[in-house]
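Please work through each task before consulting its solution.

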Amino acid sequence: MSRPPEPSVAPTGGEFVLFQTQDAQTRVQVRLIDGVLWLTQRQMAELYQKDVRTVSEHLKNVYTDGELNPDSTIRKFRIVAREGARDVERLVDHYNLDAVLQVGYRVRSPRGAQFRQWATETLKSYLVKGFVLDDERFKRGADAEYFDELLARIRDIRSSEKVFWRKVLDIYATSVDYDARAEASQRFFATVQNKMHWATHGHTAAELIALRADASKPQMGLLTWAAAPQGGAPRKADASVAKNYLTEDELQVLNRIVNAYLEFAELQALDRKPMTMAQWITKLDDFLRLSGREILTHAGRITAEAAQGKAEAAFELYRQQQRALPSRAEQDFEATLLQPVKALAKQVLDKPSKPRPVNKTKKGGV
């Protein structure tokens, strides 16, 4: 059993500020210390303008209902309080941001209602738009590391095949020799995609898939896939996406190349200069050459069809191997029931056996 962390001095500077702007829009500001906010019950009572006993009762219900784990959301800090004419040092429970928010959902007060209005609007914006962004916070420049993370996530989204395909088609449609046929569009997209992959790691998309799809490796060589953030398993469609086989460093390079080129191409399109498809490819080569990257000058050594065939075959073999493994339910059964039985059996086997008594026969007996 692990020992609880030693109490430390209460952090200073952490703030959870709930206020209303002049346009009657509720705003919440949180200032974290080392990425974590810790408040006492008294501080939460001041925040939501309620009695400490009310806050304590809500916290008790939160933990009783199992909505939060007390081990990860409560921490003891030493604080110094003035009692009469002397300063007294005491250990006081502090609660992290998860607990502070839970109390806000439950407390009945004007401040609690204000908080819930803000939370509802924020959640609504996320569900409708797919994102929530505190513009003013980033404009102040106080969270540079979070801003860099945001840019990295945007780059990754823009370089995803569906988004990239749509942006490339937008550029393609501005050319004077635009061809609306799907085959022509796919050829142009494949050319652009392969040039960017080649500039990143020296392989076309098809070559990369054929090289790295391997049923003997974990997740058949995939380093990311659609359901990975939710803990899901790879699917057949994931096996044919070249980007899913890239390392973290390669992915960063590809994302930056894609985004820089899209910005460059969109700037070219804004000039309204007549451009042919061949000229767009030349512009891409010029852009990559300016970036010091290798230029792809051939169609690649492996076709897209051959790469897809290998990826699907590797996936089928990988899936068969996964089916032969114990399921999660079987693993849980093994851990909860069979392991104690095996441990008991081992104890019995390891226990030294007592020697049998020897029957002695008296001399002259019948």
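In what follows, Ala, Val, Leu, Ile, Met, Phe, Trp, Tyr, Cys and Pro count as nonpolar, Asp, Glu, Lys and Arg as charged, and the others, Gly among them, as polar. The model is predicted.

**Exercise 1.** Determine how the residues that line the largest cavity divide by class, and state which helix gives the most to this lining.

*Solution.* 
Step 1. The structure contains 1 cavity of 30 Å³ or more. The space in the largest cavity amounts to about 70 Å³.
Step 2. Its lining consists of Ser-159, Glu-161, Phe-164, Gln-193, Met-196, His-197, Lys-243, Leu-254 and Val-258.
Step 3. At least two lining residues come from each of α8 (161-172), α9 (182-201) and α11 (248-270). With 3 residues, α9 gives the most.

**Exercise 2.** Describe how helices α2 and α4 are oriented towards each other, and list the residues through which they meet.

*Solution.* 
Step 1. Helix α2 comprises residues 52-64 and helix α4 residues 97-106; their axes come within 10 Å and cross at roughly 110°.
Step 2. Angles of 65 to 115 degrees count as roughly perpendicular. Therefore α2 is roughly perpendicular to α4.
Step 3. On the α2 side, the contact involves Val-55, His-58, Leu-59, Asn-61, Val-62 and Tyr-63; on the α4 side, it involves Ala-99, Gln-102, Val-103 and Arg-106.
Step 4. By class, this contact of α2 with α4 has 6 nonpolar, 3 polar and 1 charged residues.

Conventions: Residues are numbered from 1 along each chain as its sequence is written. This is a predicted model: local features need pLDDT of at least 70, side-chain atom pairs count only at pLDDT 80 or more; totals for chains, interfaces and linings use all residues. Side-chain values use heavy atoms; hydrogens and water are left out. On a 1 Å grid over the protein atoms alone, a cavity is a set of points where a 1.4 Å probe fits but cannot get out, and a pocket is an open set with protein on both sides within 12 Å along at least five of seven lines; lining residues have an atom within 4 Å of a point. Grid points are joined across faces, edges and corners, and a volume is the space filled by probe spheres set on the points. Helices (H or I, at least four residues) and strands (E, at least two) are DSSP runs, numbered from the N terminus. Axes are lines fitted to C-alpha atoms, for helices over the stretch in contact, and angles run from 0 to 180 degrees between N-to-C directions. Angles under 35 degrees count as roughly parallel, over 145 as roughly antiparallel, 65 to 115 as roughly perpendicular and the rest as oblique. Contact means heavy atoms within 4.5 Å.
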